Amino acid sequence: MSEKHNIIPVWFFVGVLFLVYGVLILGSGLAEWSHPPNTVLADLHAPVWWGILLIALGVVYCGAFRPGRNKV
Amino acid sequence: MTAILGMLVAERLAHLSAVDLAIVIFYFALVLGIGFYLKKFAKTGEDFFLAGREMTAWVAGLAFVSANLGSLELLGWAGNAYQYGILAAHWYWIGAIPAMVFLGLVMMPFYYISKTHSVPGYLQLRYGSAASGLSAITFAIMTILMSGVNMYAMAVVMKVVLGWDINFSMWVSSLTVGVYVAAGGLFSAIFNEVLQFFLIWFGALLIPILGLYETGGWKGMVARIQQNFPGQDFTHMWGPMHSFSSNPMGIHWTGIVFGLAAVQSMGYWTTDFLVVQRVLSAKDIRSAKMAPIIGSFFKMAVPLIVILPGLLGLAVLPMHLVPGSQVGPGQHSYDEVLPLMLVRYCGPGLLGLGVTALVAGFMAGMAGNVSAFATVWTYDIYRPFIKKNAADQHYVSMGRWCTIIGLFVSIGTAYLAMRFASLMDYVQALFGFFIAPLFGTVLLGMLWKRVSKAAGFLGLLAGTVTSITLFFLMKSSPHWVAIFALSPEAKGLAQAMYQSLWSCTTCVVVTILVTLVTKPRPDEELRGLVYSLTDVAKEEHASLFHKPVVWGMAALALLVILQIIFW
């Protein structure tokens with residue numbers, strides 16, 4: 001991100017956001033598994049697989065761009 | 001907190017669960033945290049107003065698109081897709097991609113080499129104080145009005161989805177934006193715009209995925225729309241534009257090609273400082289050229305999360321939405337289609353993510369407006385006209401105060417926006433007022449060294465006056481609509497396209513005529529500002545993969561393919 005300033009890459013913050021949201025959404029999806037909410041296509045359990053996707057992306061971004069790694 | 005929210009709740013489509021609230025609160029905490037973290041890096045004027053000019057092409061490109069992806073964009077264009085069908089996608093494709101590629105390949109080198117802080121700053125160098133002052137003042141007005149419109153759009157979402165009081169939503173979100181932009185300047189705005197870009201995508205993408213699943217794919221969706229709205233064509237882009245009366249927008253293809261693609265989108269994407277400022281933060285000229293081209297690929301994909309939900313709304317929503325001015329008890333307006341679709345598919349967790357995405361859209365748009373406003377006010381109005389030659393720190397301090405003041409002014413203008421029946425008609429009118437003639441002035445200035453200072457100023461003034469005059473004439477009587485928009489069938493968006501076309505044409509004609517009777521500036525004053533007198537760095541040594549022109553052509557080729565698919 002920055003040569004002049006030693007700033008944490010923005011991608012790391014993106015990873016943190018994905019990771020935290022992934023955990024919250026996956027947890028919510030699992031909690032409502034046996035009694036899904038009153039929404040259309042609730043039987044697809046979208047929060048579960050969407051949460052897993054966000055966690056996976058979060059882990060990749062946090063790992064690849066964690067502070068201390070000299071990478072843009 | 002819960003008690004306060006409880007008091008503000010009136011009627012709602014959905015209730016936020018504990019996990020939804022956690023998602024919303026974490027987002028606010030993160031953006032504020034980033035703002036305070038970046039405060040220590042925004043010390044000089046270049047840091048605060050141009051993010052130190054050290055952003056990579058990817059970061060600048062994503063911020064470039066994200067600054068435009070405000071809640072107005074999300075809600076207004078989803079609403080327009082419901083109202084006008086896939087014709088609304090023209091504003092993302094032919095009405096954006098050629099202009100973004102043109103900015104990257106042709107205009108960015110001049111902005112970047114001249115080391116200007118802003119677009120009015122370029123006009124100052126090219127035409128002097130008169131044209132620059134006019135542009136700076138009109139831009140400042142436009143950004144503040146835009147900011148107010150964005151704020152109103154966001155507050156509507158909160159009202160529809162959660163029942164939150166409009167005033168409460170506007171004040172909490174806008175104060176958050178004010179704090180993080182005032183703290184970290186453009187650094188903070190750009191960081192949060194990149195964050196918001198991802199959040200918007202992952203918050204909104206489930207709507208088209210689940211929507212297409214429900215309708216059985218694109219064909220199933222089209223069949224349902226035809227069943228719900230027989231006799232109307234909502235799913236073809238060019239076919240229904242052979243006459244004004246054969247499409248829901250009341251527009252002819254000439255309005256899209258000449259009004260939108262050739263003038264309005266070129267004006268917006270190449271001279272609106274809100275978006276250009278993001279690219280000026282790039283670390284070198286190649287990154288500055290690549291940023292808008294990278295952005296163009298993402299822009300091409302945005303209809304997936306904006307236009308498609310509007311079309312799916314036509315197919316699956318049990319009720320028919322109505323114009324904002326005609327909403328009665330139990331009815332919903334066009335602009336509410338996206339939140340309605342969100343509530344249809346998203347339960348706890350995902351609802352919080354979707355709501356946060358819409359709030360993030362609002363914040364991205366507003367941060368873009370206030371940071372651009374602070375820069376133009378400080379460098380193009382305050383410094384040349386009020387206090388010259390102050391210390392750099394003084395201007396940084398002025399930028400911070402401007403951010404806060406601009407925020408309060410835009411809160412005031414949000415209440416003004418509520419009075420207009422159609423959100424997007426209002427904004428399109430604003431674009432037409434200032435952006436279309438400005439494009440004529442900047443482009444002639446870059447390409448023709450003969451253009452004089454007086455010609456630049458008078459051309460810009462004539463174009464702006466023409467634009468405002470046409471707007472009020474067409475609002476006053478359908479008679480004027482038939483004359484200037486070429487048909488009485490032309491709706492608000494169609495009128496705005498022709499208004500842009502006439503105002504830019506007036507600007508160009510007046511500029512040329514005045515140029516021919518005035519004395520040109522000497523060549524040595526125009527080096528780095530005009531095409532024929534500027535040595536733009538070539539990239540002979542770059543591989544094909546790294547050449548902006550190759551990616552620019554790829555974006556245009558993809559655009560053509562999309563037009564053919566959805567013809």
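Reply: One term before we start: two residues are in contact if their C-beta atoms, placed from the backbone, lie within 7 Å. This is a predicted model, where local features need pLDDT of at least 70, side-chain atom pairs count only at pLDDT 80 or more, and totals for chains, interfaces and linings use all residues. Residues are numbered from 1 along each chain as its sequence is written, while chains are lettered from A and ligands numbered from 1 in the order in which they are written.

Me: OK, what is Val14(A) in contact with, leaving aside neighbours within four places in sequence?

Reply: Val14(A) is in contact with Tyr61(A) in chain A, and with Val194(B), Leu195(B) and Phe198(B) in chain B, once those neighbours are left aside.

Me: And which residues have the most contacts inside the largest nonpolar core?

Reply: Val14(A), Ile190(B), Val194(B) and Leu311(B), in a core of 225 residues. A nonpolar core is a set of buried Ala, Val, Leu, Ile, Met, Phe, Trp, Tyr and Cys residues joined through C-beta atoms within 7 Å. Buried means that 20 or more other C-beta atoms lie within 10 Å of a residue's own; 12 or fewer is exposed, and in between is partly exposed.

Me: How many helices and strands does chain A have?

Reply: Chain A has 2 helices and 0 strands. Both kinds are DSSP runs numbered from the N terminus: helices are H or I with at least four residues, strands are E with at least two. Of the 72 residues of chain A, 38% count as buried.

Me: At what angle do α1(A) and α2(A) pack?

Reply: Helix α1 (residues 10-31) and helix α2 (residues 46-64) of chain A pack at about 155°, and their axes are 7 Å apart. Axes are lines fitted to C-alpha atoms, for helices over the stretch in contact, and angles run from 0 to 180 degrees between N-to-C directions. That makes α1(A) roughly antiparallel to α2(A), a word for angles over 145 degrees; under 35 is roughly parallel, 65 to 115 roughly perpendicular and the rest oblique.

Me: Switching to the two chains, how many residues of chain B are in contact with chain A?

Reply: 29 residues of chain B, which meet 27 residues of chain A. The elements of chain B that give two or more residues to that side include α2 (18-39), α9 and α17 (350-385).

Me: Where is Ser174(B)?

Reply: Ser174(B) is in helix α9 (residues 166-204) of chain B. It is buried, because 25 other C-beta atoms lie within 10 Å. Not counting residues up to four places away in sequence, Ser174(B) touches Met151(B), Met366(B), Leu407(B) and Ile411(B).

Me: How do α9(B) and α18(B) pack?

Reply: α9(B) and helix α18 (residues 392-417) of chain B pack at about 160°, with axes 9 Å apart. That makes α9(B) roughly antiparallel to α18(B). Ser174(B) is one of the residues of α9(B) that make the contact, and those of α18(B) include Leu407(B) and Ile411(B).
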